[in-house]
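Student: Hi! I'm new to this one and would like a friendly tour. Could you show it to me before we start?

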Amino acid sequence: MMGIARCGDAAIDREKVMDGMPKRLEREEITRQVRQQLESYSAAGVTWLPHATVAPFQLADNEERMGKTRTSPLATAGSLFAEAETGPAAREKRLIELRQLQERVARCTRCPELAATRTQTVFGTGPMDIDICFVGEAPGADEDRRGEPFVGVAGQLLTRIITAMGMRREDIYICNILKCRPPGNRQPKPDECRNCREYLDQQLELLRPKVICALGATAAQNLLGTSMSIGRLRGKFYEYRGIPLICTYHPASLLPSRSPEKKKDVWEDMKLLLNRLGKPVPGTGGNGSSS
Ligand code: URA
């Protein structure tokens, strides 16, 4: 303890003593003070000293000068964007990786039943760096035939929801938990969702949406790792690996033969989503919070 206090004293002395001193004398003065310091440690019975460590602020300063961005491991833990590179070249690289991922998915045989019965895989559509990525359950018959997500009746309703939000479908990314159609449109099995998860995670990492919107219970429960009902999950924000996530009812459940009365809940969720993105809510002249 004494040694540490003396060390601080020495630093102050040095500043006082060396003010305006020529370089050679400055070095001699430092040497003298260090020797004196070590002798006083020795006299106090100190027989060893720890190696000097680089102070955290010095490390930060060095990395800044080297053009590196420091990210706190805590702030980015589990985030999809932990080591986000930016710039046109990095974007081009992500685009190439997305295409490579799509090709990998097209050859996938992890779920033998799905691989044997699909017409083609349905990877997803839309640009990169989007505001919103909608994630549905799995392709149906129309999607399996066309190779595009949400192109059937439920898809048409989703397009209308997007238009009502003041956006264009082509500005949004749309994909599913499963990239293959389950035969007869049955619900995806847990092991099928697990098999496909790596693809979805990589897809989201490359796309970098500002918000994810899970459509329906399968998407919401899979992404959030819960068995809670969609009715209880909807209406608030969660986080999926650093990305804000909101859940709402699946468009298919809003069709006239099912629960069209839930459309108003979906609209409430879409208003929350628009607010989160800082976008105006069409038809309210503002952020829609009063309607
Ligand atoms: N339902 C989904 O969940 N996804 C589609 O792509 C189509 C219908």
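Student: Thanks! How many nonpolar, polar and charged residues are in the lining of the largest pocket?
Tutor: Keep in mind that this is a predicted model. In the lining of the largest pocket, 13 residues are nonpolar, 10 are polar and 6 are charged.

Student: And which residues lie nearest the centre of that pocket?
Tutor: Of the 29 residues that line the largest pocket, Glu 137, Ala 138, His 250, Ala 252 and Arg 258 lie nearest its centre. Two or more lining residues come from each of α7 (141–146), α8 (153–164) and α10 (216–224).

Student: How much space lies in there?
Tutor: The largest pocket holds about 600 Å³ of space.

Student: Okay, where does the ligand sit?
Tutor: You'll find the ligand in the largest pocket.

Student: Which residues are around the ligand, then?
Tutor: The residues around the ligand are Gly 136, Glu 137, Ala 138 and Pro 139, along with Glu 143, Pro 149, Phe 150, Asn 176 and His 250. By class, this shell has 4 nonpolar, 3 polar and 2 charged residues.

Student: What does a polar side-chain atom of His 250 lie 2.8 Å from?
Tutor: That side-chain atom of His 250 lies 2.8 Å from an oxygen atom of the ligand.

Student: What about polar backbone atoms? Which residue has one 3.0 Å from a nitrogen atom of the ligand?
Tutor: That would be Ala 138, whose polar backbone atom is 3.0 Å from a ligand nitrogen. Phe 150 also has a polar backbone atom to look at, 2.9 Å from an oxygen atom of the ligand.

Student: How much of the ligand's exposed area does the protein bury?
Tutor: On its own the ligand exposes 240 Å², and the protein buries 90% of that.

Student: Switching topic: how many cavities of 30 Å³ or more are there?
Tutor: The count comes to 1 cavity of 30 Å³ or more. About 110 Å³ of space lies in the largest cavity.

Student: Which residues lie nearest the centre of the largest cavity?
Tutor: Cys 108, Cys 111, Arg 118, Cys 180 and Cys 196 do, out of 15 residues that line the largest cavity. By class, that lining has 9 nonpolar, 2 polar and 4 charged residues.

Student: Last one! Which element gives the most to the lining of the largest cavity?
Tutor: The answer is α9, with 4 residues. Both α6 (112–117) and α9 (190–207) supply at least two residues of that lining.

Notes:
Residues are numbered from 1 along each chain as its sequence is written. This is a predicted model: local features need pLDDT of at least 70, side-chain atom pairs count only at pLDDT 80 or more; totals for chains, interfaces and linings use all residues. Side-chain values use heavy atoms; hydrogens and water are left out. A residue is near a molecule or strand if one of its heavy atoms lies within 4 Å of it. A polar contact is a pair of N or O atoms within 3.5 Å; within protein, one must be able to donate a hydrogen and the other to accept it, and residues adjacent in sequence count only if both atoms are side-chain atoms. Accessible areas come from the Shrake-Rupley method with a 1.4 Å probe; for residues, only the protein chains shown count as cover. On a 1 Å grid over the protein atoms alone, a cavity is a set of points where a 1.4 Å probe fits but cannot get out, and a pocket is an open set with protein on both sides within 12 Å along at least five of seven lines; lining residues have an atom within 4 Å of a point. A molecule sits in a cavity or pocket if more than half of its atoms lie within 2 Å of its grid points. Ala, Val, Leu, Ile, Met, Phe, Trp, Tyr, Cys and Pro count as nonpolar, Asp, Glu, Lys and Arg as charged, and the others, Gly among them, as polar. Grid points are joined across faces, edges and corners, and a volume is the space filled by probe spheres set on the points.
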